[in-house]
Amino acid sequence: MKKFFLAVLALLPAYWLMAGEKDSLEIAEAKIARYVDSVTKAMRYETGIVKLSNGIAQLNVPAGFKFLNAEQSKFILTELWGNPSREDILGMIWPANADPFKEDSNYAFIVTYDEMGYVKDEDADDINYDDMLKEEQKEEPEINKERVKLGYSSLHFVGWAQKPFYDKSHKVLHWAKELKFGDAEDGNTLNYDVRILGRKGVLSLNAVAAIADLPLVKGDIDAVLKMASFTEGNTYKDFDPSVDKVAAWTIGGLVAGKVLAKVGILAVAGKFLAASWKFILLGIVALGGFLKKFFGRKKAEEEYQYQPATSPVEEATAPAEDNAADKDEQNQPPVG
């Protein structure tokens, strides 16, 4: 947690100069710690059979892992990690000992669904992934021009961290890319992708972490690959060519994906990548939110207090107010 506090606290003096705040670094650190504790207590993780909110698929989350639902995951991705809002988020899969604030050996798979149609897999055995790598690298200069125009750093596809593999019997595709953002000197990014093919679209599991975390992710990947399954009527074998749409993508298209051109979770994560990309996002991108919660009050010495609310996300974000009614609410037990 030390690096996280340093990342946030390093930026506080400039804020104090603008706002005239007098809090000491010790008080600021204590307030940040209380906020972290509040968010951590508010999260409601699930294990076992978890039905995803869209009804298309479900997860069987085994011992050693945990799942966070769509609402809470969106809060983490947007409010804590500073990513753009996305409506297709279905949740996040975490190792049992991980959390949004942990610094080292930490990752999460973000779960989304794309109703792109039925993806034909006849090309799976014919793809030369070394040629694909070279082709994507050739396209980088033009794509990066557009990224820079949009305010994002350039992005270089260094190589395969895990060459793509397609399990034809289970209709599961997975691969990992090593990426470098801009002139980052703190290490490259690992982008690990899993795609499960269904009748009407593709369920995606995407993890972004430091490249140093590759052994950790690879050690868990077999368990992750077995978690997801489509519900009855939505599996790959349920495809009906007379009524169902065929996707424009094939297996090769899913892997290529033009990830370098996308502006989304990956792009924002990489923009602030360091040894632990999540914490740089927390310290810099979400700094405004932290400052508002901790220092946007009449009394600078007032400490943040945990306040239960009607939902985990509201509970994690609601600041304590200076009135008797709210103080009474603070004594109520957390909502499960």
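Q: Which residues touch the most other members of the largest nonpolar core?
A: In this predicted model, they are Ile-93, Phe-109, Val-194 and Leu-203, and the core has 33 residues. Helix 6, residues 214-225, gives the most to this core, with five residues.

Q: What does Ile-93 touch, leaving out residues up to four places away in sequence?
A: Among its contacts are three phenylalanines, Phe-65, Phe-67 and Phe-109. Ile-93 also touches Leu-59, Lys-66, Ala-108, Val-111, Leu-205 and Met-227.

Q: How many residues are in the other core that lies apart from it?
A: That core has 24 residues, including Leu-155, Trp-175, Leu-197 and Val-255. As a general point, nonpolar side chains in soluble globular proteins tend to be buried together.

Q: Now strand 10. How many of its residues are buried?
A: Strand 10 covers residues 202-210, and nine of its nine residues are buried.

Q: In which sense does strand 10 pair with strand 5, and over how many bridges?
A: The pairing is antiparallel, with six bridges between strand 10 and strand 5, which spans residues 109-114.

Q: Changing topic, what is the phi of Lys-171?
A: Lys-171 has a positive phi of about 60 degrees, although it is not a glycine. In general, most residues other than glycine have a negative phi.

Q: Where is Lys-171 found, and is it buried or exposed?
A: Lys-171 sits in the loop between strand 7 (155-167) and strand 8 (172-181). With a relative accessible area of 17%, Lys-171 counts as buried, because the cut-off for buried is under 20%.

Q: Which residues lie nearest the centre of the second largest pocket?
A: Lys-171 is one of them, together with His-170, Val-172, Ile-196 and Ala-228. The lining of this pocket has 18 residues, and the pocket volume is about 370 Å³.

Q: Which element gives the largest share of that lining?
A: Strand 11 does, with three residues. Strand 7, strand 8, strand 9, helix 6 and strand 11 each supply at least two residues.

Q: How many lining residues of that pocket are nonpolar, polar and charged?
A: The lining has eight nonpolar residues, five polar residues and five charged residues.

Terms used
Residues are numbered from 1 along each chain as its sequence is written. This is a predicted model: local features need pLDDT of at least 70, side-chain atom pairs count only at pLDDT 80 or more; totals for chains, interfaces and linings use all residues. Side-chain values use heavy atoms; hydrogens and water are left out. A nonpolar core is a set of buried Ala, Val, Leu, Ile, Met, Phe, Trp, Tyr and Cys residues joined through side-chain atoms within 4.5 Å. Buried means under 20% relative accessible area, exposed over 50%, partly exposed in between (1.4 Å probe, protein chains only). Helices (H or I, at least four residues) and strands (E, at least two) are DSSP runs, numbered from the N terminus. Contact means heavy atoms within 4.5 Å. On a 1 Å grid over the protein atoms alone, a cavity is a set of points where a 1.4 Å probe fits but cannot get out, and a pocket is an open set with protein on both sides within 12 Å along at least five of seven lines; lining residues have an atom within 4 Å of a point. Grid points are joined across faces, edges and corners, and a volume is the space filled by probe spheres set on the points. Ala, Val, Leu, Ile, Met, Phe, Trp, Tyr, Cys and Pro count as nonpolar, Asp, Glu, Lys and Arg as charged, and the others, Gly among them, as polar. Two strands pair if DSSP finds at least two bridges between them.
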